Amino acid sequence: MSTIAAISTAPTTGGIGIIRISGEKSFDIIKKIFVPKDKSKKIEGYKMQYGNIVSEEKIIDEVLVSFFVAPKSYTTENMCEINSHGGIIVMNKILNLCLENGAEIAEPGEFTKRAFLNGRIDLSQAEAVMDLINSQNEFALNSSINQLKGSV
């Protein structure tokens, strides 16, 4: 399966933006574009590292990167989440660097699709994720949460 990447936060100006990568090449891609402040640290699952996203030795943004080691991730694949500043330009630059270094653009819902296909969630839970995202009132939110936990 290919390695995918996408902006996971709303494509608007904000304090924080998250670019997510999932797949076998996730850590290889990050190693090409991320320079940790503490270069002695190795990639460890469920830890964040502080550093810079760089392109041709030029700093693109100061970021935090979270690492999730398969199978203990949302998709059950190796995953990284880059917490950047939330500007549209900076998030797109980081996403483009991921794509230039081996990732493919994720289709809408593809991270959840992979979680379903890889057995992490069932179809009802996958539908609940979309319902949760689209909730417009407290009742819909609570109903989605219950469905995500396995209640129908």
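Author: Helices (H or I, at least four residues) and strands (E, at least two) are DSSP runs, numbered from the N terminus. This is a predicted model, where local features need pLDDT of at least 70 and side-chain atom pairs count only at pLDDT 80 or more, while totals for chains, interfaces and linings use all residues. Residues are numbered from 1 along each chain as its sequence is written, and side-chain values use heavy atoms, with hydrogens and water left out.

Helix 3 spans residues 110–117, and its buried residues are E110, F111, T112, R114 and A115. Buried means under 20% relative accessible area, exposed over 50%, and partly exposed in between (1.4 Å probe, protein chains only). After helix 3 comes G119, with a positive phi near 85 degrees.

Now for the backbone elsewhere. Most residues other than glycine have a negative phi, and most peptide bonds are trans. Y46, in the loop between strand 3 (34–36) and strand 4 (47–55), has a positive phi near 70 degrees. Y46 is partly exposed, at 46% relative accessible area. E56 sits in the loop between strand 4 and strand 5, and its phi is also positive, about 50 degrees. E56 is exposed, with a relative accessible area of 79%.

Finally, the peptide bond from A70 to P71 is cis, with omega near 5 degrees. P71 belongs to the loop between strand 5 (58–68) and strand 6.
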